[in-house]
Amino acid sequence: MSYLRKYAPLHPHQRQPLDEKQIENSAGGYVYPVSIWTNLDRFLILGTEGGSHYAQEQDLTKENVDSVLKCIAEDGVQVVERIREISVSGRAPKNDPALYAMALAFTHGNADTKRKVQEVFCDVARIGTHLFSFVAFVDGMRGWGRSLRRLVGDWYRTKDDEALAYQVLKYQSRSKWRHADVLAKCHYGENRGIYRWMKGLGPEERTVQRTRDDGTQLSTTYDATDALPKLLAGYEELKQTKKLADVIRLIVTHEFTHEMVPNEWKDDVEVWAALLENMPVMATVRNLGKMTQVGLIKPFASAVQTVLERLSSDAIKRSLIHPIQILMALITYRSGKGVRGSLTWEPVPQIVDALDAAFYMAFDNVEPSGKNTLLALDVSGSMGSGTVAGCQGLTPRNASAAMALVTARTEPNYHIFGFSENFVRLPITATDRLASAVDAVSNIPMGKTDCSLPMLYALKNRLEVDVFIIYTDNETWFGDIHPKTALDMYREEMKRPSKCAVVAMVANKFSIADPTDAGMLDFIGFDTATPAVLSDFVRDADISDTV
Ligand code: CA
C-alpha cells in the first residue's frame, strides 16, 4: 500500500503513543481515554455482564465502578440525572447498571446527591424486579440506616393498594429477596392490609409487639382492614381454583399476568389465550415460544394476528421495549427451542418477520443523512468474547452486525465491511434478515485488530467516504499507523473533510477517537438513541467545517 509506505515512517505505529493524551489499552496498543462521563454512559448502556475478552466480569465492573465513583465525587447530582434520563427513556438494554449506579450514588454521594436519588427513585426502580435489584446491590454496599429505610419504604408507601398488589404479584421475588424481606429491612409494620398479606398474615385485627431502639417494648393493635385489594383477593381465589373455566374467568376479570398464574395451568392453550388478551408487549415478545409450543400461535390462528398487531410501530414505541430484547427474542424464537430447559416449538415465519421489523421500530426515528457511509465492523478475536448486556450468544462482534443494519437500512449510500488485521468481506446487505446477519458475522474467523484499516481501505480504493462508522471495542494494536493518522491521511489525500464515528461495543475506557478532532466522535452500541444521534453528527455541517 503506497500511502502507508509514504506515511508510516513519519508516524508512530499503534504500539507507540501518537501524542501525550494517549494511554495503553488492554491489547498493548495506544488509544485515547474517554472521559469519566462517557465511561459512565457506556456502563449505563452496555453494562459489564459477561465481561470482555480482556477482563473478567468482576474486573470490568470494578473499572466501571471506579469511574462512576469519580463522577459521583465530581458531581453526584449530575450522575443521578444521567441515570434517570437513560433509564426512563429506555435507551439501555437493561436497567441493572442504572440501579447499581444509583446504589453507589446513595452510598457514596453527598447530601444533595442522596436527595436527588430520593427524588428519582421510583422513576428508575419502576417495577418490583428493579426494586429487588437495587436492594440486592445496596445491601452489599452499606447498612440499613434510616435514610435507606425511608428510600426503599417509600416505594411501597407511595403506591395505592391496587398498584402495589400488581407489583407484588407480578414480581414476587428475585435472587434471595422477597417483598417480606424488604419490608422487614425497612422496619415496616403491619398497619396496612397488603403489608400483612405480603408477610403471609391475614387482614384481621392484630396486635404487634415491637422492641424500640432503646430496648423498651411497644405494643400496637391494628384495626382489621376492610378487605384485601381486589387483585389479591382474586389471586387467592385463583390459587384455590380447580376448574379451568374459573381460571379463565379470573384471568379475564383481573387481567392477571402469566407470572400470577400457578404453573399447573401453564400448559393449557385456553389459559394462554386468555392471558394474551391483556399481555404487555414485553411479555408477549418473551412468551412467543411458549405460546407456540402450547398451540396458541400456529399458522392461520387468530393469535398470530393479535401478536402482529401488538408488534406494530406505535405499540413498540410506547412499550419502551429495547431492540436488543427483540433481537434476543427473534434469535430464540427462530431457533425453535428455549435458551434453557427442554421447551421446543415450530416457529411461525410471520412472527419471525414481525420481530425483524419490530427491532428497527424500537430505535429512535432516524433521519437519513444521505451521506456516503462506510460501516466498518471490527470482527477481530476480542470482539467475539463476552456479551452485550448479558445476552447469551450475543457478542460485541455479532451484535455490531445488527447495529450496522439499522444505519444501512436508513442510509441510501452505504457500504459494509469487516476488518481484523485485514479487510474482511462481509456478506451483509441492508435487506438481509437480522438473524442471518448476526450468524454471518459469528462464522468469520478471528484475527488481530487494526482500526486504521477502514480509512486505509477507502484510500487505497479511492472510495469517496463522508463518514466512517467503526464498531469496535477500541482494543486496536496491530496497525502500522494510528486510526487518527489514517483518517488525517485520508482527508489530505482525498481532499474530503470526512468524519469518523466510533461506536463502542464494550464498556471500557478506551477510544480511537481523538477528543480534539471535532470530526471524530464516540457513540455507544445498543443505545436506542445512537442511530439518530449518529445521523445528526453526520449531517451537521458545522462540525465538518471545523475539520
Ligand atoms: Ca481485537
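1. Confidence. This is a predicted model. The average pLDDT of the protein is 92, and 96% of the residues score at least 70. Residues 543-547 are an exception to rely on with care: the pLDDT there is below 50, and the stretch has 10 contacts in the model beyond near neighbours in sequence. Where pLDDT is low, predicted coordinates should not be read in detail.

2. Serine 382 sits in the loop between strand E7 (373-378) and helix H20 (396-410), and threonine 449 in the loop between helix H21 (434-442) and helix H22 (453-460), so the pair ties together parts that are 67 residues apart in sequence. Both serine 382 and threonine 449 are buried.

3. Sheet order. Six strands form an open sheet with mixed pairing, in the order E9-E8-E7-E10-E11-E13. The edges are strand E9 (423-424) and strand E13 (520-524); each has a single partner strand, so one side of each is left without a neighbour in the sheet.

4. Pairing around E8. Strand E8 (residues 414-419) is joined to E9 by two bridges, and the two run antiparallel. With E7, E8 pairs in the parallel sense over six bridges.

5. Strand E7. Six of the six residues of E7 are buried, so the strand is largely enclosed by the rest of the structure. Thr373, Leu375 and Leu377 point one way, while Leu374, Ala376 and Asp378 point the other way.

6. Helix H20. The end C-alpha atoms of H20 are 22 Å apart; for 15 residues at 1.5 Å a residue the span should be 21 Å, which agrees. Of those 15 residues, 13 are buried, and the helix is mostly covered.

7. Helix H16. In H16 (residues 302-310) the buried residues are Ala303, Val304, Val307 and Arg310. Viewed down the helix axis they fall within an arc of 125°, so they line one face of H16. Ser302 and Glu309 are exposed on the other side. The cover over the buried residues includes helix H13 (269-277), helix H14 (281-286), helix H15 (288-293), helix H17 (313-319) and helix H19 (349-361).

8. Histidine 322. This residue is in the loop between H17 and helix H18 (323-335). Is histidine 322 buried or exposed? Its relative accessible area is 1%, and it is buried. Leaving aside neighbours within four places in sequence, histidine 322 contacts Gly90, Arg91, Ala92, Pro93, Ala362, Phe526 and Thr528.

9. Positive phi. Alanine 389 is not a glycine, yet has a positive phi of about 50°. It belongs to the loop between E7 and H20 and is buried, at 5% relative accessible area. Lysine 495 also has a positive phi, near 55°. Lysine 495 lies in the loop between helix H23 (483-494) and strand E11 (499-504), and counts as exposed at 71% relative accessibility.

How values were computed:
Residues numbered from 1 in each chain as written. Predicted model: local features only at pLDDT ≥ 70, side-chain atom pairs only at ≥ 80, totals over all residues. Heavy atoms only, no water. pLDDT = per-residue confidence, 0-100. Contact = heavy atoms within 4.5 Å. Buried < 20%, exposed > 50% of the residue type's maximum accessible area, 1.4 Å probe, protein only. Helix = DSSP H or I, 4+ residues; strand = E, 2+ residues; numbered from the N terminus. Arc of directions from axis to C-beta. Pairing = 2+ DSSP bridges. Expected span 1.5 Å × (residues − 1).
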